[in-house]
Amino acid sequence: MAEPSPASPPRTNETDEATAQPAGSSTAAAILPASHWESVCYLTPHRGYRSSFCSPDWRLAKHGSAFCVQIALEPEGDDADSGYNDVLSSTASLASSILHYRTVHGRTYHASIGNADAWEPNDDMHAESMDIHHHMSTLMLGDKLFLAPIGPNPKRVLDIGTGTGIWAIDFADAYPGTEVIGTDLSPMQPAWVPPNVKWELDDANLDWTWGDNTMDFIHARMLVGNIVDWRKFYRDAFRCCKPGGWMESHEASLLWRSDVGIREDSAMGQWGHVFQEAGRKIGRTFRLVDDELQQKYMAEAGFVDIVVKDIKCPSGDWPKDEKQKELGLFARLALLSDLNGYILHIWGSVMGWTPEEIAVYAAHMRRELSDPKIQPWFLRRVVYGRKPETS
Ligand SMILES: C[S@@+](CC[C@H](N)C(=O)[O-])C[C@H]1O[C@@H](n2cnc3c(N)ncnc32)[C@H](O)[C@@H]1O
């Protein structure tokens, strides 16, 4: 694939990041009603979507009561295997209630506490998707973990929203002399890790608890839809970065693109609109890349020497180039390995779709993701910048 030259995403003049709309149209207006997907049926009659396309958790949902009202808090102490007991006492920003999960039709999510309201599940099925996503992300960077010129001897590195911790673990293996801190709302990281990695539970929406000028490198990847105030996020990162240290932010646009065109009324065409409208409703923008907020807010926070790298990431095996094909296969696999996990909360709890409507939409999405004619890709943006020595 040629050097990325992604089409310019729609711009907005809005300053409120959570309520920003694409230029010239409202995201709400662009969303087709859930009933649309019932009427557009590509499935062969003898298969029927109800049995062929539903995952086990969906079958569970069919027999449950109303969607997304069944909230069960697990008893405390479920973290016995997660290696978190030691750090709980030293983590100032969250109470022990952090270990409460909400369970929605067999999937677990982090409980909504304070400003924390993760939209992705934190269970094993989603962890597998995150790990495939990590592999895809390194392929995208040419087998690298990051792009910033951090030098050979960073002393302290922070990974915000570390997820399964796979990036932090890989970084710690590559830099055995570096102390690597992976932080997340959810204790979903493994206990057996390199000795130079530690996990901390923290809500990145609260004031960061790490000291001023303490980190050589701060990394944050795919937190879109989780952060209430991205200006504050980058300001906190700036404060915690050492003078001369680096911040690197990786995020993606939720708008699918294709050089042959994505139909607005297709499942892929609707995907980004639904996410963006949901982001408006929950007050956490999904338009970070589309509105070019990473570079804007990093510059406002004080970072200099900012580099913006746009990467065109294919999904599927349609690229002719072998490396791009491999990237595309992993990108599609990351999504298909837990499509339900990516959409259940947003489509159901936030947008109010029924499980049946979500299942039909998901079936369309799966079919389109496997259609070689569509040739979809999405835009990943990596932005890094340095804290000046004199700040
Ligand atoms: C898409 S995953 C990305 C995981 C990891 N950065 C990666 O790229 O592999 C988003 C992660 O952010 C975490 N998260 C969501 N809201 C958060 C918050 N307010 N503070 C800290 N972590 C948060 C979620 O628990 C989840 O693990």
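Predicted model: local features only at pLDDT ≥ 70, side-chain atom pairs only at ≥ 80, totals over all residues.

Colleague: Which helix supplies the largest share of the shell around the ligand?

Modeller: Helix H5 (124–140) and helix H6 (166–174) each supply at least two residues of this shell. The largest share amounts to 3 residues. The helix that supplies this share is H5.

Colleague: Of the residues around the ligand, which come nearest?

Modeller: The shell around the ligand divides into 9 nonpolar, 10 polar and 4 charged residues. Of the 23 residues around the ligand, those that come nearest are Gly161, Gly163, Ala204, Arg221 and Asn226.

Colleague: Is Glu277 buried or exposed?

Modeller: Glu277 is found in helix H8, which covers residues 267–282. A residue is buried if 20 or more other C-beta atoms lie within 10 Å of its own. Glu277 has 20 other C-beta atoms within 10 Å, and therefore Glu277 is buried.

Colleague: What separation lies between the C-alpha atoms of Glu277 and Ala30?

Modeller: Glu277 and Ala30 are 247 residues apart along the chain. In the model, the separation of their C-alpha atoms is 9.4 Å.

Colleague: What covers the buried residues of H10?

Modeller: Helix H10 has 15 residues, 322–336, and its reach of 21 Å from first to last C-alpha is close to the 21 Å expected. Its buried residues include Gln324, Leu327, Phe330 and Arg332. What covers the buried residues of H10 includes H5, strand E9 (304–314), helix H11 (339–350) and helix H12 (355–369).

Note on methods
Residues numbered from 1 in each chain as written. Near = placed C-beta within 6 Å. Helix = DSSP H or I, 4+ residues; strand = E, 2+ residues; numbered from the N terminus. Nonpolar A, V, L, I, M, F, W, Y, C, P; charged D, E, K, R; others polar. Buried ≥ 20, exposed ≤ 12 C-beta atoms within 10 Å, placed from the backbone. Expected span 1.5 Å × (residues − 1). Contact = placed C-beta atoms within 7 Å.
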